[in-house]
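This briefing summarises selected local features of the structure shown below, grouped by topic.

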Amino acid sequence: MPTIDFLWDLLFPPKCPFCGRILERSGDLLCPDCQRELPWLTGPEGEKAVDFTTGCVAPLRYQDRVRDAVRAYKFGGKSARSRALGALVAQCVSDHGGSADLISWPPLSRKRLRQRGYDQARLLAEEVGKALGLPVEATLTKREVPAQSGLTEEAERRANVRGAYAALDPERVRDKRVLLVDDVVTSGSTLSECACILRLAGASEVSCAVLARAR
Ligand SMILES: [Zn+2]
């Protein structure tokens, strides 16, 4: 008997999140061309040091098709991409031997969330949680600050997010190993600020995983 997933795939065939081509084999996350040609990061390249964390892993470099896909995902309302992208991040966490008790994400401010309609980091975190079989919980809130994407200097980015985040409920993270999921890491200032808040709230460890690493 056809399952709901099967019918859904028939109506809305899964597409490669990077080039939009319809995927021929069910279960594939991306098309064979993208599998071959995307700027994959391997070994130490795929790990970035981020303050207050055990590090940030990323499967891809933030360029070309990856940048286009993330931009479409972030600003074009393409939230349906999150399943495949989340599965890639989850695979990367496993490849690097990562483990955690719960998954969370750096949230948008309420104003930004209203403007955009969805929180792309949250969608990604939820898909990573499904793939890894880990609970996904909101742990932080963010007050309104200017967008990081307008700032190029690392010191500016760091200063911009200082004090922007607060812990929702320290009880949720006390003595827990938290994996923070986001779409892109640039300077790492957002992730380190979030990690600092979570550690102060009692998290025993914070690790990070993102889809793509810029620079
Ligand atoms: Zn593709």
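**Helix 6 and its ends**

Asp119 caps helix 6 at the N-terminal end, with a side-chain oxygen 3.1 Å from the backbone nitrogen of Ala121; a polar contact is a pair of N or O atoms within 3.5 Å, where within protein one must be able to donate a hydrogen and the other to accept it, and residues adjacent in sequence count only if both atoms are side-chain atoms. The model is predicted, so local features need pLDDT of at least 70 and side-chain atom pairs count only at pLDDT 80 or more, whereas totals for chains, interfaces and linings use all residues. Residues are numbered from 1 along each chain as its sequence is written, and side-chain values use heavy atoms, with hydrogens and water left out.

- Helix 6 covers residues 120-132; helices (H or I, at least four residues) and strands (E, at least two) are DSSP runs numbered from the N terminus.
- Gln120, Ala121, Leu124, Ala125, Glu127, Val128 and Gly129 are the buried residues of helix 6; buried means under 20% relative accessible area, exposed over 50%, and partly exposed in between (1.4 Å probe, protein chains only).
- Gly133 follows helix 6 and has a positive phi, near 70°.

**Zinc site**

- Cys16, Cys19, Cys31 and Cys34 coordinate the zinc ion through their SG atoms at 2.3 Å; donors are N, O and S atoms within 2.8 Å of the metal (3.2 Å for Na, K and Ca), and sites may look incomplete because water is not among the atoms.
- The donor spacing along the chain is C-x2-C-x11-C-x2-C.
- The arrangement is tetrahedral because the four donor atoms subtend angles of 104 to 117°, the criterion for four donors being that all angles lie between 85 and 135 degrees.
- Cys16 is buried, at a relative accessible area of 2%, whereas Cys19 is partly exposed, at 38%.

**Strand 7 and its partners**

- Eight of the nine residues of strand 7 (residues 177-185) are buried, so the rest of the structure largely encloses this strand.
- Strand 4 (residues 102-104) runs parallel to strand 7 and is joined to it by three bridges; two strands pair if DSSP finds at least two bridges between them.
- Ser104 lies opposite Leu180 of strand 7.
- Eight bridges link strand 7 in the parallel sense to strand 8 (residues 205-213), where Ala212 is the bridge partner of Val184.

Conventions
Four donors count as tetrahedral if all angles lie between 85 and 135 degrees; four count as square planar and six as octahedral if opposite donors are over 155 degrees apart and all others between 65 and 115; anything else is irregular. The expected span of a helix is 1.5 Å times one less than its number of residues.
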